[in-house]
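Hello,

Here is the structure I promised to pass on. Please open it first, then read my notes below.

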Amino acid sequence: MPLTLTSDALRKSSNFMKLLARPLERAMFQHEFEGGPEQAVIDALAEFQNDDGGFGHGIEPDIWMPDSSPLSTTVALQHISALGLPHDHPLVTGAITYLIDSYDTKRAGWSKVSWEVEDAPHAPWWNYSPKLDGPFDPAGWGNPSAEIVGYLHEHRSLVPEEFLESTTALALENFAEQTDEIEMHVLLCFVRMQARLPDDIAVGLADQLSAAGQAVAATDPSAWKSYHTPPIWVAPSPDSLLADSLRITIDKYLDHLIESQANYGNWAPFWTWGEQYAHAWEVAKRQWAGHLTLINLRALKAYGRLETP
């Protein structure tokens with residue numbers, strides 16, 4: 001019989017989110033689980049937005065650069081999408097304007113971050129390299145470009161039609177070149193894109209995405225204590241495209257989450273920064289704990305794994 005997260009365990013998570021999570025994740029948790037005000041989430045998100053409309057300031061806990069970046073802006077848009085903010089909201093118009101303006105015509109896509117990343121603590125995989133100024137690696141183009149194309153469709157009233165058509169064509173061309181061994185983050189970006197495309201385009205991606213999701217998602221419980229692709233990231237709710245094909249794995253993973261919840265009611269990141277910025281990592285680790293706890297609780301709620309009164 002599937003396990004459920006008890007009301008006492010959820011109370012511990014609530015205490016953790018209110019005491020130790022960042023204001024953003026705290027406000028999101030209270031809004032989604034306790035009827036808290038949407039405005040508190042909006043106010044917390046606004047703290048990460050820059051004058052150019054993009055987002056930075058460590059909204060992605062592995063990237064502390066204050067400057068805007070396409071990757072950090074996609075993180076903000078994930079929250080914006082969850083809130084369902086209207087197209088004319090300043091958070092939305094600013095983010096979309098920034099993404100249109102930051103498109104690199106010569107490279108036909110979006111960079112993840114810029115050289116300013118070196119001016120602030122960050123994970124070692126974000127160390128800047130001159131090679132990042134060269135042509136995009138086709139295997140990695142989708143992160144974050146495919147996800148960005150998805151948000152352009154979600155807020156298409158803000159996007160010039162010709163630009164939307166050309167970037168969509170690039171995304172579909174790149175996706176057609178991907179294999180079932182697609183990198184985890186690239187897969188997640190294409191999954192988020194597909195969910196926002198018009199139905200007549202999205203349907204053509206379904207089979208390949210399902211095959212890729214089954215190949216990439218971690219199905220072996222022995223892998224779940226180290227760095228892996230959580231199946232609930234690929235299919236965060238039963239309505240997700242890949243939920244049916246991964247359902248057996250998802251059910252086992254949800255049991256794993258319930259059994260592995262920490263004493264404080266949280267879940268910790270399953271990666272580290274190593275020796276780089278060791279003191280900053282201690283802060284980032286707690287920030288990630290709040291983010292992961294929110295993601296895990298969302299999945300447990302979506303799949304009916306929270307104890308009902």
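**What I found**

The chain has 13 helices and zero strands. Helices here are DSSP runs of H or I with at least four residues, strands are runs of E with at least two, and both are numbered from the N terminus. Along the sequence, the pattern reads α-α-α-α-α-α-α-α-α-α-α-α-α.

Two notes on the source. This is a predicted model: local features need pLDDT of at least 70, side-chain atom pairs count only at pLDDT 80 or more, and totals for chains, interfaces and linings use all residues. Residues are numbered from 1 along each chain as its sequence is written, and side-chain values use heavy atoms, with hydrogens and water left out.

**Overall shape**

The C-alpha atoms fill a box of roughly 55 × 40 × 40 Å along the principal axes. The radius of gyration is 19 Å, which agrees with the value near 19 Å for a compact globule of 309 residues. That radius is taken over C-alpha atoms, and the globule rule is 2.2 Å times the number of residues to the power 0.38.

Of the 309 residues, 51% count as buried. Buried means under 20% relative accessible area, with a 1.4 Å probe and protein chains only. Now take contacts between residues at least 6 apart in sequence: 69% of them join residues at least 24 apart. Contact means heavy atoms within 4.5 Å.

Helix 3 covers residues 38-46, and its Val41, Ile42, Ala44 and Leu45 are buried. They lie on the same side of helix 3, because they cover an arc of only 165° around the axis. The arc is that of the directions from the helix axis to the C-beta atoms.

His79 lies in helix 4. Is His79 buried or exposed? His79 is buried, with a relative accessible area of 4%. Leaving aside neighbours within four places in sequence, His79 is in contact with Leu24, Met28, Leu45 and Arg298.

**Helix 10**

In helix 10 (residues 206-216), the buried residues are Ala206, Leu209, Ser210, Ala212, Gly213 and Val216. They too cover an arc of only 165°, which puts them on the same side of helix 10. They pack against helix 7 (161-176), helix 8 (184-194), helix 9 (199-202) and helix 11 (231-234).

Best wishes

Note on methods:
Buried means under 20% relative accessible area, exposed over 50%, partly exposed in between (1.4 Å probe, protein chains only).
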